Each structure stands twice: as structure tokens, then as C-alpha cells.
Amino acid sequence: MKQALKEWAIAVEALERGETILLLRKGGIRETAGRFEVPFQRVLLYPTFEHQDPNLLKTPNVKRVESGWHPKQVKISSIAEITHVLQISDPEIVHALLPFHIWNERFVEERLKWKPRSPLYLLLLKVSRLADPQLLPYREAYGGCRSWIEIDEINVDQMTPVLSDKEYLDRVEQIQSLIFRSQTIA
């Protein structure tokens, strides 16, 4: 397995602990064709420290790092199946989803305002922890504002789901029903 989704390290940790199944994305500046796409259904989760901001989190237990800083080695410890990709532009729906992710209202506002004609993508991820997490040396090709990277081959033969199928489907249903309910009320 080589395809990886870059995400804030704090978000990857929350996914691995089962605290969330939801990521909010608009894509990085260096996205292909300037917009966010989901070219893979199954990806490794690549934790990044770029742009992590404690002021954009519900619990600001993250230390901000200098622009361009990265660890010498990156720990790859999970894989995810992206089961749903939903596009949302309605601020009310996005605000209603606050209980389902790690970011605060300021983050949501900033995401909605950046590239305002582009929708916000909600990714629902079924995450599994790898039995043997692997350390990769950082490479310049892994840096920059992009969502998808190709990393060194990682063995994903043995893994443990973070949530049971029932737990995962219950959360998906909660999120989908909230979105549907908000759309029918509007």
C-alpha cells in the first residue's frame, strides 16, 4: 500500500482513537486542477504537522510548529477506507456537524470562506490500526499543501478496526440523518 491521505497529526490520532470518523476538506493549494478530489477509496493516514493550529481545535492541546518544520521520521500507524464523500456548502449543516469532529467553529468558518465557491468535502473514514506501525524517513516529496501523496510501501496485512462495523454504521447514520434533516428543514 502506497497511497496516503495527509491530515493534521491531531486529527489522525482522533481517528485512531475512534473519537471521530469525519474529516473536513477543501484540499491543499497544490491540488490537481486546483480542487479537491478523492482518487482513492483505501488510504494510509499520513500525519502532518503543517498548519496544525491550536486555535482551530475544540481542545487546543497541540503545539504549533514553525512553517516548514517536519519530523525526521513519520510514523504510519493506520489505514482508512473512505466510505462516504459528501459535498456541503450550507453553513448551518456544517455547524450542526461540530459534535462529530475535532475542529471548532472558527475552523469551520475559515474552511467555508476559503474558496467560497468550492464545497466543503466531508469524508467518512473507517479506520484500522496497523499491527506493525512503520517509521518512514521524511522526504521532500511528502511536504507541501497537498492532500494525497505516495509513500514508501507499507505492509497492511494485519490490522485492527478502531470501531466495530455496528459502531461505525451507527455514526455514519447519525451524520447522514443530521445532514438530511438539515436539508429538508431549509
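**First stop: Arg25 and its surroundings**

Start by selecting Arg25: setting aside neighbours within four places in sequence, Arg25 is in contact (heavy atoms within 4.5 Å) with Leu5, Lys6, Glu7, Phe36, Pro119, Leu120, Tyr121, Leu123 and Ser147. Before you go on, note that this is a predicted model, where local features need pLDDT of at least 70 and side-chain atom pairs count only at pLDDT 80 or more, while totals for chains, interfaces and linings use all residues. Residues are numbered from 1 along each chain as its sequence is written, and side-chain values use heavy atoms, with hydrogens and water left out.

Now colour by secondary structure, and you will find Arg25 in strand E2, residues 22-25. Helices (H or I, at least four residues) and strands (E, at least two) are DSSP runs, numbered from the N terminus.

Is Arg25 buried or exposed? Arg25 counts as buried because its relative accessibility is 9%; buried means under 20% relative accessible area, exposed over 50%, and partly exposed in between, using a 1.4 Å probe and protein chains only.

Next, show the polar contacts of this side chain (pairs of N or O atoms within 3.5 Å; within protein, one must be able to donate a hydrogen and the other to accept it, and residues adjacent in sequence count only if both atoms are side-chain atoms). A polar atom of the Arg25 side chain lies 2.9 Å from the backbone oxygen of Lys6. The Arg25 side chain also makes a polar contact with the side chain of Ser147, at 2.8 Å.

**Second stop: salt bridges**

A salt bridge here is a side-chain nitrogen of Lys or Arg within 4 Å of a carboxyl oxygen of Asp or Glu, and the structure holds nine of them.

Now jump to Glu150 and Lys2, another salt bridge, with the closest N and O atoms 4.0 Å apart. Glu150 is in strand E6 (148-150) and Lys2 in the segment before strand E1 (3-8), so the pair ties together parts 148 residues apart in sequence. Glu150 counts as exposed at 52% relative accessibility, and Lys2 as partly exposed at 32%.

**Last stop: helix H1**

Finish with Glu13 and Arg17, whose side chains meet in a salt bridge of 4.0 Å, N to O. The two are separated by about one helical turn, because they are four residues apart in helix H1 (residues 9-17). Select Glu19 as well to see the network of salt bridges that links Glu13, Arg17 and Glu19.
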